Amino acid sequence: MLDFVPNHVGVDHPWVRQRSELFVQSPAAAPGAFAQETGKEVRWLAHGKDPYFAPWTDTAQLDYRCAATRAAMTQLLQSIARRCDGVRVRHGDAGTE
């Protein structure tokens, strides 16, 4: 059984640098965002968070408004499902499902 938390990834995930368009971002520095060098430019990506707590500074928030994010995460979930007996999809808050 694998817990799948689809709303964010760690800031060290390869997508943060290689596919920064998949993340919630700001055009400039903003609270809860961090600067990420993409090789071409610096982008301000949002940290993952829950509405009741400060941002998790070790995460980057995926942007599901973007079709490419939805496609990438669907592909990832299908890949995981082929390897696991079960997958439990969880919210970012470890106390909820």
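Partly exposed residues lie between buried, under 20% relative accessible area, and exposed, over 50%. The legends below describe close-up views of a predicted model.

**View 1. The Glu41–Arg43 salt bridge.** Glu41 has 38% relative accessibility, so Glu41 counts as partly exposed. The side chain of Glu41 meets that of Arg43 in a salt bridge. The N to O distance is 2.9 Å. Arg43 is also partly exposed, with a relative accessible area of 23%. Side chains of opposite charge can pair when their charged atoms come close.

**View 2. An open sheet of 3 strands.** The strand order is β3-β5-β4. Pairing in the sheet is antiparallel. The edge strands are β3, residues 25-26, and β4, residues 33-37. Each of these edge strands pairs on one side only.

**View 3. Pairing of β4 with β5.** Strand β5 spans residues 42-46. β4 and β5 run in the antiparallel sense and are joined over 5 bridges. Two bridge partners can be picked out here. Ala35 has Trp44 in β5 as its bridge partner. Gln36 has Arg43 in β5 as its bridge partner.

**View 4. The β4-β5 hairpin turn.** β4 and β5 form a hairpin. Between the two strands are 4 residues. Gly39 sits in the turn. The phi of Gly39 is positive, about 105°.

**View 5. The Arg19–Glu21 salt bridge.** Arg19 forms a salt bridge with Glu21. The closest N and O atoms are 3.6 Å apart. Arg19 has 29% relative accessibility and therefore counts as partly exposed. Glu21, at 35% relative accessibility, is partly exposed too.

**View 6. The Arg65–Asp63 salt bridge.** The side chains of Arg65 and Asp63 meet in a salt bridge. From N to O the distance is 2.8 Å. Arg65 is exposed, because its relative accessible area is 67%. Asp63 counts as buried, because its relative accessibility is 11%.

Key: Residues are numbered from 1 along each chain as its sequence is written. This is a predicted model: local features need pLDDT of at least 70, side-chain atom pairs count only at pLDDT 80 or more; totals for chains, interfaces and linings use all residues. Side-chain values use heavy atoms; hydrogens and water are left out. Two strands pair if DSSP finds at least two bridges between them. A salt bridge is a side-chain nitrogen of Lys or Arg within 4 Å of a carboxyl oxygen of Asp or Glu. Buried means under 20% relative accessible area, exposed over 50%, partly exposed in between (1.4 Å probe, protein chains only).
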